[in-house]
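Here is a short briefing on a protein structure. Look through the sequence and the 3D view before reading on.

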Amino acid sequence: MLSSEELERYDRQIMIRGFGEDGQEKLKQAKVIIAGSGGLGSPAAIYLVAAGVGTIRLIDHDTVELSNLNRQVLHGDNDIGRNKVDSAVEKLGKLNKYVTIEPIAETINEENISRLVAGFDLIVDAMDNLPTRYLLNRAAIENNIPFFHGAVYGLEGRVMTIIPGKTACLKCVYRGLIPQEKFPVIGVTPAIVACLQATEVVKYIVGIGKLLTSKLLVYDGLNMRFTELMVKRDPNCEHCGHLASTENE
Amino acid sequence: MSIRVNIHPYLYHLTNNQEVVEVDGITVGECLKDLIKQFPDIKQVLFDQNGKFINYVNIYINMEDAFPNELAKSVKDGDELHILPIIMGG
């Protein structure tokens with residue numbers, strides 16, 4: 001039940017067609033994992049907290065470094081050396097007292113991933129490496145949890161929403177591994193991509209609009225263009241191929 | 001036959017900064033062969049040392065994923081290809 005203060009706080013979004021108080025209540029009940037609290041995780045967390053997602057589990061094992069500060073907007077000069085999740089929770093806690101934020105300073109791996117995702121409704125992919133993204137994708141498929149992918153490089157970003165068993169998963173689209181290396185990026189790129197991911201999360205929870213499923217949205221900031229590429233489920237996908245085939249959404 | 005190949009921004013330096021390259025071919029494989037003929041340096045990001053197509057690059061034909069057997073897929077005059085390497089930054 002939303003309090004009168006919450007109704008006032010969220011008034012402008014409750015006004016959105018199809019949203020209403022019911023939509024806000026759904027957001028309040030939602031439990032969302034944000035995997036990563038860096039370039040993508042910072043803006044994703046800020047906007048999901050502001051929107052009133054009830055519970056957010058923020059997972060990141062890293063500490064804040066000076067070179068993070070051009071893009072990881074939850075962290076500042078005074079946070080260097082701190083756990084990113086501690087730094088993030090401190091700021092997020094001041095944004096919205098109605099949101100519960102669980103900081104988890106762990107490296108996501110095969111041993112802990114089942115425990116980390118258990119009981120949660122959605123996963124936001126805000127990682128910075130492909131192996132962990134694949135781990136999250138597999139866990140999302142196995143636990144039937146919608147997965148909201150985003151990635152950046154330089155002035156380019158990509159976004160895709162994955163509904164397990166229904167739409168193409170990350171492994172249907174990407175099959176290989178690329179070497180882990182320092183990548184170029186400026187803060188506005190993950191900000192745009194994370195806001196698109198957060199938009200998808202809100203739409204999914206509230207149940208409005210059309211999702212970016214079985215489509216890879218490519219944001220090309222250099223040429224200021226968005227391109228939608230059609231992807232499809234791979235019947236031989238090593239993550240989701242075993243699931244009964246349903247139509248692409 | 002004229003097929004337009006959209007080059008990914010990372011790869012512009014391999015195509016003399018050309019964003020789109022016109023190629024000939026009736027399959028994706030033939031189109032890539034023609035692309036490499038025009039810009040030999042791009043081969044290194046498309047094929048490994050054994051000549052196998054690299055699996056961290058995706059090919060889209062008219063905006064649709066060409067996987068699997070990308071190289072054997074037919075193309076026709078006016079088709080458009082996109083070459084898209086994986087990105088993973090966050």
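The points below cover a helix pair in one chain and the overall build of another.

This is a predicted model. In chain A, helices α4 and α5 pack against each other. Chain B has two helices and five strands.

**The helix pair in chain A**

- Helix α4(A) spans residues 41-51, and helix α5(A) spans residues 84-95.
- Their axes lie 9 Å apart and meet at an angle of about 25 degrees.
- Angles under 35 degrees count as roughly parallel, and α4(A) and α5(A) are therefore roughly parallel to each other.
- The crossing of α4(A) past α5(A) is right-handed.

**Where the two helices touch**

- From α4(A), the contact residues are A:S42, A:A45, A:I46, A:V49 and A:A50.
- From α5(A), they are A:A88, A:L92 and A:L95.
- Seven of the residues in this contact are nonpolar, one is polar and none is charged.

**The fold of chain B**

- Along the sequence, the elements of chain B run β-β-α-α-β-β-β.
- The radius of gyration of chain B is 12 Å, close to the 12 Å that the globule rule gives for 90 residues, so chain B is as compact as a globular protein of that length.
- Along the principal axes, the C-alpha atoms of chain B fill a box of roughly 35 × 30 × 30 Å.

**Burial and contacts in chain B**

- Of the 90 residues in chain B, 30% are buried.
- Take the contacts in chain B with a separation of 6 or more: 51% of them join residues 24 or more positions apart.

Note on methods
Residues numbered from 1 in each chain as written. Chains lettered and ligands numbered in written order. Predicted model: local features only at pLDDT ≥ 70, side-chain atom pairs only at ≥ 80, totals over all residues. Axes fitted to C-alpha atoms, helices over the stretch in contact; angles between N-to-C directions. Helix = DSSP H or I, 4+ residues; strand = E, 2+ residues; numbered from the N terminus. Parallel < 35°, antiparallel > 145°, perpendicular 65-115°, else oblique. Left-handed = near helix turned anticlockwise from the far one by under 90°. Contact = placed C-beta atoms within 7 Å. Nonpolar A, V, L, I, M, F, W, Y, C, P; charged D, E, K, R; others polar. Rg over C-alpha atoms; globule rule 2.2 N^0.38 Å. Buried ≥ 20, exposed ≤ 12 C-beta atoms within 10 Å, placed from the backbone.
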